[in-house]
Amino acid sequence: MGESETGTQAARPVLRVLGGEALSPPPAWMMRQAGRYLPEYRELRAKAGSFLDLCYTPDFATEVTLQPIRRFGFEAAILFSDILVVPHALGQEVRFVEGEGPRLDALADRAAFAGLREAGDPRIMAHLAPVFETVSRLRAALPRETTLLGFCGAPWTVASYMIGGRGTPDLAPARDLAGRDPALLAALIDRLVAVSTDYLVRQFEAGADAVQIFESHGGTLPAVPAGEAGDALARWSLEPIARIVSGVRARVPGARIIVFPRGTGLDGHARALAETGADAVGVDWEVDLAALRGRLPGRAVTQGNLHPQTLIAGGAALDAAVDAILAATAGLPHIFNLGHGITPETPIPHVERMLARLRG
C-alpha cells in the first residue's frame with residue numbers, strides 16, 4: 001500500500017470512526033441501501049434476470065452498489081451481493097423465489113454435508129471470482145472519500161439457511177440439529193469459518209476498506225450468562241465470528257471489521273464487541289443505544305439503531321429519532337445507520353430528510 005493510498009484511507013470518515021475517532025456529524029450508510037426502494041434498482045433488476053445473476057454479474061452489481069452513493073452521497077458503499085453466495089459456492093443449490101425469498105436444498109444429514117466442497121477447494125473462490133471483480137471495479141469507481149464495505153454472513157446465520165432450506169422464524173431446523181447432532185453442526189460451522197475467512201480476505205485484497213459480518217439470527221440462540229453451561233450464543237455465534245476476525249487479521253493486518261449481532265439484546269451486543277475482537281458493533285433497533293453505550297468502553301465504536309419503520313413514518317418522529325441517536329453518541333465514535341435493512345416501501349424523501357437532519 002503506497003503512501004498516497006494510505007492517506008486516502010485515513011481521510012475516509014467511516015474508516016476514521018472505525019479507528020476510534022468521534023466525528024460530528026457521524027458518517028452514514030444504510031443496510032440494504034442498494035435495493036428495491038430505488039426505482040433505478042428496480043429497473044436494473046428487471047434487466048438482470050435472476051437475483052443471483054444480478055449478484056454474479058459485475059456490470060450489474062457495480063451499478064447497483066453505486067446507485068445510492070450517487071443519489072444520497074452516503075459515506076460508505078456496501079458491496080451488492082448476498083450472504084448465500086457462500087453456500088452456493090460450496091455446492092449447495094440456492095435459488096431465489098420472487099416474493100418468497102431464498103430457497104436451498106436443505107442440508108439435513110451427514111450425507112448432504114458430505115456432498116459439500118471442502119474448505120480450500122479452488123472451485124469455491126473461483127465461483128466467487130465475479131464478486132471480487134465487482135469489489136475491484138467499485139474501488140476504482142467510488143469517490144476517494146467513500147469507504148467500500150465488503151461482507152459475509154456469520155456462520156450460524158448461514159448454517160441456519162443451509163440446514164432449514166429457507167429462513168424460518170425460530171430457526172427450528174438448525175436448533176434441532178444442534179441438539180440431535182452437535183458434531184455435524186460444529187463441522188459445518190468450522191467449514192463456514194474457513195471459507196468465510198478466505199472470502200473476506202479476498203474482498204480486502206480486491207479493494208474493500210472494511211467488512212461487516214451479519215449475524216442476522218443470533219437472537220434465536222439461548223441467552224445465558226457468558227461462560228455458563230449452555231452458552232449457545234458463544235458456541236455457535238460469537239466464537240466462530242472471533243475465529244473469522246482473527247483469521248482475517250492474520251492475513252490482512254489491521255483489517256477493520258464490524259459485527260452485527262441482530263436480536264441478541266443489550267447483553268448480546270456488548271458481548272459481541274468484547275468477545276469477537278471486532279472494531280465495531282452494529283446495533284439493532286431493539287437495543288437502547290444509550291444503555292449500551294453505558295456498558296461499553298468510551299472509545300468503543302457503535303453503528304446503527306434507527307428503526308426502519310421510523311424511516312417509513314418520517315416527519316417529526318423521524319427527526320426525534322435521529323436527534324436521540326445523536327444525543328446518545330455525542331462525542332463518541334458512531335456510524336449512523338439503521339437497526340436493520342431499509343425496506344422496499346420506504347419513501348425516498350424520508351431518506352433525504354433523515355440525512356438532512358443528520359448533517360444539519
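Author: What follows goes through the helix packing, then the loops, and then the cysteines.

The model is a predicted one, and the part you ask about can be followed through helix α10, which covers residues 155–164, helix α11, which covers residues 172–180, and helix α12, which covers residues 182–206. Helix α10 and helix α11 pack with their axes 8 Å apart and at an angle of about 95°; since angles of 65 to 115 degrees count as roughly perpendicular, α10 and α11 are therefore roughly perpendicular to each other. On the α10 side this contact is made by Trp156, Ser160, Ile163 and Gly164, and on the α11 side by Pro173, Ala174, Arg175 and Leu177. Sorted by class, the contact of α10 with α11 has five nonpolar, two polar and one charged residues.

Helix α11 also packs against helix α12, and here the axes come within 5 Å and cross at roughly 120°. From α11 the residues in contact are Ala174, Leu177, Ala178, Gly179 and Arg180, while α12 contributes Pro182, Leu184 and Leu185. By class, the contact of α11 with α12 has six nonpolar, one polar and one charged residues.

Turning to the loops, the stretch between α2 (13–18) and α3 (39–48) holds Pro25, and a cis peptide bond with omega of about 0° joins Ser24 and Pro25. Arg32 lies in the loop between α2 and α3 as well, and its phi is near 60°, a positive value in a residue other than glycine. Most residues other than glycine have a negative phi, and most peptide bonds are trans. Arg32 counts as exposed because its relative accessibility is 52%, and the cut-off for exposed is over 50%. For residues 27–36, UniProt, in an unreviewed entry, places the feature "domain: Uroporphyrinogen decarboxylase (URO-D)". That span is 0% helix and 0% strand, and its end C-alpha atoms lie 23 Å apart.

A positive phi is also found at Asn305, where the value is near 100°, and Asn305 sits in the loop between β8 (301–304) and α16 (308–313). With a relative accessibility of 11%, Asn305 counts as buried, whereas Arg32 counts as exposed. Another loop, between α7 (110–114) and α8 (122–127), contains Gly115, which counts as exposed at 58% relative accessibility. The C-alpha atoms of Gly115 and Arg353, which are 238 residues apart along the chain, are separated by 50 Å.

As for the cysteines, the structure holds zero disulfides. Cys55 is in no disulfide, and the nearest cysteine sulfur to that of Cys55 belongs to Cys152, 15 Å away. A disulfide requires the two sulfur atoms to be within 2.5 Å, so the distance of 15 Å rules out this pair. Cys55 counts as buried, with 1% relative accessibility. Cys152 is likewise in no disulfide, and at 0% relative accessibility Cys152 counts as buried.

Note on methods: Residues numbered from 1 in each chain as written. Predicted model: local features only at pLDDT ≥ 70, side-chain atom pairs only at ≥ 80, totals over all residues. Heavy atoms only, no water. Buried < 20%, exposed > 50% of the residue type's maximum accessible area, 1.4 Å probe, protein only. Axes fitted to C-alpha atoms, helices over the stretch in contact; angles between N-to-C directions. Helix = DSSP H or I, 4+ residues; strand = E, 2+ residues; numbered from the N terminus. Contact = heavy atoms within 4.5 Å. Nonpolar A, V, L, I, M, F, W, Y, C, P; charged D, E, K, R; others polar. UniProt positions renumbered as here; feature names shortened; annotations may be inferred. Parallel < 35°, antiparallel > 145°, perpendicular 65-115°, else oblique.
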